[in-house]
Amino acid sequence: MLTWMRLAALTLTALTLGLSFAHVLEMPAKVAYPPELYVTLQNSLYVSFGPPKIGAFVEPGAILAAAILAYLVRHRRPAFWLTVGAVICLLLAFPVVFFIFTEPANAVFRAARSASVPADFERYRGQWEYSHAARFVLHLAAFVLLARSVLHRPRVPRSELSPYTMGAIRTDRARSYSPSSPLFGEGPPSMTMVAPFMKPDASEARKTQG
């Protein structure tokens with residue numbers, strides 16, 4: 001369940017990010033178009049972005065999936081807070097920025113035609129373009145936070161390790177201090193570490209006693 005919800009949240013957020021990124025890429029060319037052409041594009045190019053087309057359901061789906069994911073990882077820190085941060089960014093993009101800035105400009109352009117350009121055209125054009133740029137930044141932040149929450153691997157406390165895992169850790173430690181360990185060379189670790197500091201006569205005496 002958790003794996004599939006993570007996949008759904010990441011996929012829907014990535015699709016939402018792609019939609020807003022497209023607006024940012026189009027901005028330099030669109031702001032140079034004459035008003036009549038700009039209004040024509042607004043009423044034709046983005047038909048599939050809004051209801052009842054599928055583009056209108058991608059962003060709400062991303063918000064819903066991220067919110068469900070936050071509930072599923074509520075006991076996992078810091079994955080929970082990263083996911084909550086992603087949900088906040090998505091909610092700021094929609095509905096906050098969208099309905100305060102983007103949708104009022106949409107309503108003006110929908111009511112206009114290429115032959116009747118809005119009187120305050122430049123204001124609404126800037127409002128529409130820069131609101132989508134702000135939404136892109138929020139979508140990008142949400143995707144990064146979600147990806148970071150998925151990639152995070154919490155460290156398991158020693159108290160929660162199974163006896164088999166603890167046994168494997170002890171075995172690895174014993175191997176690292178074995179006589180054949182490349183760190184210490186041949187012989188017991190203590191003798192190998194002390195040998196370079198022993199006097200030659202003391203070393204010879206130990207060999208004779210052996």
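**Entry 1**

Buried stands for under 20% relative accessible area, exposed for over 50%, and partly exposed for what lies in between, with a 1.4 Å probe and protein chains only. The model is predicted, so local features need pLDDT of at least 70 and side-chain atom pairs count only at pLDDT 80 or more, while totals for chains, interfaces and linings use all residues. Residues are numbered from 1 along each chain as its sequence is written, and side-chain values use heavy atoms, with hydrogens and water left out.

Which side chain does Glu-59 meet in a salt bridge? I found Arg-135, at 2.9 Å from N to O. A salt bridge here is a side-chain nitrogen of Lys or Arg within 4 Å of a carboxyl oxygen of Asp or Glu. The pair links distant parts of the chain, 76 residues apart, with Glu-59 in helix 3 (residues 55-72) and Arg-135 in helix 5. I noted that Arg-135 is buried too, with a relative accessible area of 6%.

**Entry 2: other salt bridges**

I searched the whole structure and got 4 salt bridges. Side chains of opposite charge can pair when their charged atoms come close. One of the bridges joins Glu-103 and Arg-110 at 2.6 Å, N to O. Arg-110 counts as partly exposed, at 46% relative accessibility. Another joins Arg-123 to Asp-120, with the closest N and O atoms 3.6 Å apart. I found Arg-123 partly exposed at 48%, and Asp-120 partly exposed at 35%.

**Entry 3: the chain as a whole**

I counted 8 helices and 0 strands in the protein chain. Helices (H or I, at least four residues) and strands (E, at least two) are DSSP runs, numbered from the N terminus. Of the 210 residues, 32% count as buried. I then looked at contacts, meaning heavy atoms within 4.5 Å. Among contacts between residues at least 6 apart in sequence, 71% join residues at least 24 apart.

The accessible surface comes to about 13,400 Å², and 68% of that belongs to carbon and sulfur atoms. Such areas come from the Shrake-Rupley method with a 1.4 Å probe; for residues, only the protein chains shown count as cover.

**Entry 4: helix 2**

Which residues of helix 2 are buried? In this helix (residues 35-42), I listed Tyr-38, Val-39, Leu-41 and Gln-42. Seen down the helix axis, the buried residues fall within an arc of 160°, so they line one face of helix 2. The arc is that of the directions from the helix axis to the C-beta atoms. Their cover includes helix 1 (2-30), helix 4 and helix 5 (121-151).

**Entry 5: Ser-149**

Ser-149 lies in helix 5. Is Ser-149 buried or exposed? I found it buried, with a relative accessible area of 4%. Its side chain reaches the backbone oxygen of Leu-146 at 2.6 Å. Not counting residues up to four places away in sequence, Ser-149 touches Arg-6, Ala-79, Leu-82 and Thr-83.

**Entry 6: a surface patch**

I looked up a nonpolar patch on the surface, formed by Ile-88, Leu-92, Val-96, Ile-100 and Phe-101. Together these residues have about 420 Å² of accessible area. Patches take residues with over 30% relative accessible area and no salt bridge; like charges are joined within 9 Å, nonpolar side chains (Val, Leu, Ile, Met, Phe, Trp, Tyr) within 5 Å. One of the five, Ile-100, lies in helix 4 (residues 79-111).

Conventions. A polar contact is a pair of N or O atoms within 3.5 Å; within protein, one must be able to donate a hydrogen and the other to accept it, and residues adjacent in sequence count only if both atoms are side-chain atoms.
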